[in-house]
Amino acid sequence: MKLNRKEYADLYRQASPPSPSYKTIPAAFLVGGAICALGQGLRILYEGAGLDGQSAGTAVSCSLILLGVLLTALRLFEKLARFAGAGTLVPITGFANAIAAPALEFKTEGFVLGSCVKMFSIAGPVLTLGISASVIYGLILWLAGGAA
């Protein structure tokens, strides 16, 4: 089936009706803000328990990743994401969901060829480009004499 630009645009419009931004933007703001507030609360809790700032930040990241994976495993993350949209996808919980959801979806195909292979189908390109960009930026900084 070969489509020209106009036919494709018509199909696209039919398949993706406009979202009610008067509802989705506030929902994304509130849920994303609540996740970030939870992260800040966890940081205060971990620092109060005696962790230094860097260790507390690491513990917060691990906790939010665990929460994202747990909500994904319980099939609650999808419901939350349907309500809040980008509010759940922007914080680190969205990244955890992007790794866990395909792993759970393809577990019936086996551990290696199912979960392990499909785990990075969504987040893989992000990881690859992010790591590659950091190496390139580091090399540029080093060549410019900025790195010690």
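How much space lies in the largest pocket? The largest pocket holds about 220 Å³ of space. A pocket here is an open set of points on a 1 Å grid over the protein atoms alone, where a 1.4 Å probe fits, with protein on both sides within 12 Å along at least five of seven lines; its lining residues have an atom within 4 Å of a point. Grid points are joined across faces, edges and corners, and the volume is the space filled by probe spheres set on the points.

The model is predicted, with local features requiring pLDDT of at least 70 and side-chain atom pairs counting only at pLDDT 80 or more, while totals for chains, interfaces and linings use all residues. Residues are numbered from 1 along each chain as its sequence is written, and side-chain values use heavy atoms, with hydrogens and water left out.

The lining of the largest pocket includes Leu71, Arg75, Phe77, Asn97 and Ile122. Two or more lining residues come from each of α3, α4 (77-84) and α6 (92-105), and α6 gives the most, with 5 residues. Helices are DSSP runs (H or I, at least four residues), numbered from the N terminus. By class, the lining has 6 nonpolar, 3 polar and 3 charged residues; Ala, Val, Leu, Ile, Met, Phe, Trp, Tyr, Cys and Pro count as nonpolar, Asp, Glu, Lys and Arg as charged, and the others, Gly among them, as polar.

Two packed helices are described by the angle between their axes and the distance between the axes. The axes of α3 and α6 come within 8 Å and cross at roughly 40 degrees. Axes are lines fitted to C-alpha atoms, for helices over the stretch in contact, and angles run from 0 to 180 degrees between N-to-C directions. The angle makes α3 oblique to α6, a term for angles that are not under 35 degrees (roughly parallel), over 145 (roughly antiparallel) or 65 to 115 (roughly perpendicular). The contact (heavy atoms within 4.5 Å) involves residues including Leu64, Gly68 and Thr72 of α3 and Ala96, Asn97 and Leu104 of α6. Its residues divide into 9 nonpolar, 5 polar and no charged.

Helix α3 (residues 53-73) also packs with helix α2 (residues 21-48), at an angle of about 135 degrees and with the axes 9 Å apart. That makes α2 oblique to α3. Among the residues in contact are Leu38, Arg43 and Glu47 of α2 and Gly57, Val60 and Leu64 of α3. This contact comprises 9 nonpolar, 4 polar and 2 charged residues.

Finally, α2 packs with α4 at about 130 degrees, with their axes 8 Å apart. The contact joins Ala27, Ala28 and Val31 of α2 to Leu80, Phe83 and Ala84 of α4, giving 6 nonpolar, no polar and no charged residues.
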